[in-house]
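Q: Before we go through the chain, could you show me how to read such a structure, one feature after another?

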Amino acid sequence: MEGIAYQNKDILFKILGQTYKEKSFAAYGIDLPRIRALLPTDLPKISANEKSVDNLFLLEDGTYAIVDYESVYKRINKIKYLNYIARVMEKYYIEDDNFNLRLIVIYTGDVDQAEPDLKTACFTLHAEQAFLAHIDGKAAFQEIQEKLQAGRSLDKDDLMKLVILPLTVPGTEGKQEMLEAVVGLAEQLEDEEQQVFILSGVVVASDKFIQKEYMEQIRRKINMTQIGQMYEKEKIEYGNQRAKEKAIEMARAMLDEDIDTIKIMKITGLTEEELLHLQDVAVTV
């Protein structure tokens, strides 16, 4: 099953970034400091076919936390986690005694136990695990629904729980039904920021498990909100940024071939100042 397009996921991360602040993983049964920031997952590549990390968080105590969602337990997945760790450390590691990195694996309702460790003579890999099978998704949904019907506002733990409720149910069909129920509940919220957090959150959390067509429906619902307008703006800016990056790559290649700068400017749309900067950088490198 294909996931959501990377550029859409990247944009959703930007929207989620602010709303994840100060929330915790307590709703999932994981004891971690509260979230300080949601970090980008465009990490250095180890292999061409390696998929991106599901989530990467910076916690309040300065710890980095890799969060990955799984619907099955496979021992070989630990090799994937090692790749994630190497990529995160390549980007964020500093020679500081306080640097710390944690690996969190959240298993959907399809898995109720898994081996957390992989030990060899040269390293030990330890994953902190959460089993959503231990959460009664239907009871949790009903409790939150009754809270709304009573006119009470949702707290941060309620929002975090709603994001992963579709994953508490075993089987694709059950996940889809719960996802639709959560989306319906989110649409009843008057707080637009909470609504978009839930919609964006379920898209990112359930990306690997839910129908692509339904994900697109949720994305369209996000677009109908004011924050959705921000989403569209971010998408345009993302497209412009990618186009600029490609123009710079093309310009570098043309400069290497000693092509006339006027011609490069016409083809790439870059300014003379930008080309001079590229030449200066090439010289210093």
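Q: How many helices and strands does the chain have, and what share of its residues counts as buried?

A: The chain has 10 helices and 7 strands, and of its 285 residues 46% count as buried. The chain exposes about 15,400 Å², of which carbon and sulfur atoms supply 48%.

Q: Which elements of the chain have the lowest and the highest mean pLDDT?

A: Where pLDDT is low, the predicted coordinates should not be read in detail. Here the mean for the chain is 82, and 82% of the residues reach 70 or more; among the elements, helix H1 (residues 6-19) has the lowest mean, 55, while strand E6 (residues 124-126) has the highest, 97. Over residues 1-8 the pLDDT is below 50, and this stretch has 20 contacts in the model beyond near neighbours in sequence.

Q: Is Ser153 buried or exposed?

A: A residue counts as exposed when its relative accessible area is over 50%, so Ser153, at 61%, counts as exposed. Its C-alpha atom is separated by 9.3 Å from that of Asp191, which is 38 residues apart from Ser153 along the chain.

Q: Which residues of the largest nonpolar core touch the most other members?

A: In soluble globular proteins, nonpolar side chains tend to be buried together. The largest nonpolar core in this model has 50 residues, and those that touch the most other members are Phe25, Tyr28, Phe57, Ile106 and Ile218. Helix H6 (residues 192-205) gives the most to this core, with 7 residues. Because domain 1 (1-134) and domain 2 (136-224) both give residues to the core, it lies between them. Apart from this core lies another, of 22 residues, among them Val53, Leu58, Leu118 and Phe131.

Q: What is Ile106 in contact with, leaving aside its neighbours within four places in sequence?

A: With those neighbours left aside, the contacts of Ile106 include Tyr28, Ile30, Val67 and Tyr69, as well as Asp68 and Glu70.

Q: Why is H6 described as largely enclosed by the rest of the structure?

A: H6 is described in that way because 12 of its 14 residues are buried, including Gln194, Gln195, Phe197 and Ser200. From its first C-alpha to its last, H6 reaches 20 Å, close to the 20 Å expected at 1.5 Å a residue.

Q: Where is Asp207 found, and is Asp207 buried or exposed?

A: Asp207 is found in the loop between H6 and helix H7 (212-223); with a relative accessible area of 8%, Asp207 is buried. The C-alpha atoms of Asp207 and Tyr69 are separated by 9.6 Å, although these residues are 138 residues apart along the chain.

Q: What span should the 15 residues of helix H5 have, and what does Gln176 touch?

A: At 1.5 Å a residue, the 15 residues of H5 (residues 172-186) should span 21 Å, and this agrees with its end C-alpha atoms, which are 21 Å apart. Gln176 has its place in this helix and, at 8% relative accessibility, counts as buried. Residues up to four places away in sequence not being counted, Gln176 touches Ile210, Gln211 and Tyr214.

Definitions and conventions. Residues are numbered from 1 along each chain as its sequence is written. This is a predicted model: local features need pLDDT of at least 70, side-chain atom pairs count only at pLDDT 80 or more; totals for chains, interfaces and linings use all residues. Side-chain values use heavy atoms; hydrogens and water are left out. A nonpolar core is a set of buried Ala, Val, Leu, Ile, Met, Phe, Trp, Tyr and Cys residues joined through side-chain atoms within 4.5 Å. Buried means under 20% relative accessible area, exposed over 50%, partly exposed in between (1.4 Å probe, protein chains only). Helices (H or I, at least four residues) and strands (E, at least two) are DSSP runs, numbered from the N terminus. Domain bounds come from an automatic or database domain assignment. Contact means heavy atoms within 4.5 Å. The expected span of a helix is 1.5 Å times one less than its number of residues. Accessible areas come from the Shrake-Rupley method with a 1.4 Å probe; for residues, only the protein chains shown count as cover. pLDDT is the predictor's confidence in each residue, from 0 to 100.
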